[in-house]
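Biologist: Let us go through this model term by term. I will ask what each label rests on.

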Amino acid sequence: MKTILLLEDEESLNRGITMRLEKEGYHVLSAYGASQALTLFQQNEVHLIISDINLKDGNGMCFCQEIRKTSGVYLIFLTALDQEIDIVSGYDMGADDYITKPFSLMVLVSKVHALMKRVSGSETPILSSGDIRISLHEMRVWNHGEQVQLSKKEFQLLKLLLEHPKQILSKEQILEAVWDLDGQFVDDNTVPVNISRLKNKLMVNEIQNVRGMGYIWTKDVIKG
């Protein structure tokens, strides 16, 4: 059963969303404040976060920023802030979707289903190669047992490389798999810059540039 962490400080709305998502077959962890939500996230395996932005004990974007220090878990903002600058800021903070209030529960459930399909689409929850280990469900990465802080795109890039070990992936293949799905603007330096950042954060030499062809993860990968 997939677990959703719901951060919403309006009690009636929290209960309503929780009941609907549980009817859809999800396990829901309800939080009414940012500190409570952070504790629940750290203590449980969470597949998706739904978070309000204006909270009594803090700010949902700050909460998202804290989560993104250690995890690329899918996250939906659910908020009354409907200005373009608010929406752009939400995506910049690392949100995967942004829903403005008032909203339809049917729309929310539809978006939850869509993101959960991405989680379920993973062949196996764990990929390991040498000292690198990644959890596809939690979207977390460890090196020598220590958690590595990756951005969402860096995690997706590493995941792509580990799912195709010892296989050269062209820049075009990487762009299509990691960036084009989000319709994001990219330039010629997007892939090499992110590869360089990923190598620096992981402190490994397994990612190699094959001149004129692309990039390759040079070690074997264990799935499962």
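Modeller: Start with exposure. Buried means under 20% relative accessible area, exposed means over 50%, and partly exposed lies in between. Keep in mind that the model is predicted.

Biologist: Why is E66 called partly exposed?

Modeller: E66 has 35% relative accessibility. That value falls between the cut-offs of 20% and 50%, so E66 counts as partly exposed.

Biologist: Where does E66 sit?

Modeller: E66 belongs to helix α3.

Biologist: Which residues of α2 are buried?

Modeller: A34, A37, L40 and F41 are buried in α2, which spans residues 34-43.

Biologist: What makes the buried residues of α2 one face of the helix?

Modeller: Down the axis of α2, they fall within an arc of 125°, so they line one face. An α-helix has 3.6 residues a turn, so residues three or four places apart point the same way.

Biologist: Which residues lie on the other side of α2?

Modeller: S35, Q42 and Q43 are there, and they are exposed.

Biologist: What covers the buried residues of α2?

Modeller: The cover includes strands β1 (3-7), β2 (27-31) and β3 (48-51). Also among the covering elements are β4 (54-55), α3 (60-67) and β10 (140-143).

Biologist: Why is α2 called roughly parallel to α3?

Modeller: The two helices pack at about 25°, with their axes 10 Å apart. Angles under 35 degrees count as roughly parallel, so α2 and α3 qualify. The crossing of α2 past α3 is right-handed. On the α2 side, A34, A37, L38 and F41 make the contact. On the α3 side, F63, E66 and I67 do.

Biologist: Now the sheet. What is the strand order?

Modeller: The order is β11-β10-β9-β8-β14, in an open sheet of five strands with antiparallel pairing.

Biologist: What makes β11 and β14 edge strands?

Modeller: β11 (146-148) and β14 (222-223) each have a single partner strand, so one side of each lacks a neighbour in the sheet.

Biologist: How do you know that β9 and β10 pair?

Modeller: A pair needs at least two bridges. β9 (residues 132-135) and β10 have four, in the antiparallel sense, so they pair. In this pairing I132 stands opposite N143 of β10.

Biologist: Which helix lies across β9?

Modeller: Helix α6 (residues 152-163) lies across β9, as well as β8 (126-129), β10 and β14. α6 runs at about 110° to β9.

Conventions: Residues are numbered from 1 along each chain as its sequence is written. This is a predicted model: local features need pLDDT of at least 70, side-chain atom pairs count only at pLDDT 80 or more; totals for chains, interfaces and linings use all residues. Side-chain values use heavy atoms; hydrogens and water are left out. Buried means under 20% relative accessible area, exposed over 50%, partly exposed in between (1.4 Å probe, protein chains only). The arc is that of the directions from the helix axis to the C-beta atoms. Contact means heavy atoms within 4.5 Å. Axes are lines fitted to C-alpha atoms, for helices over the stretch in contact, and angles run from 0 to 180 degrees between N-to-C directions. Angles under 35 degrees count as roughly parallel, over 145 as roughly antiparallel, 65 to 115 as roughly perpendicular and the rest as oblique. A crossing is left-handed if the near helix is turned anticlockwise from the far one by less than a right angle, and right-handed if clockwise.
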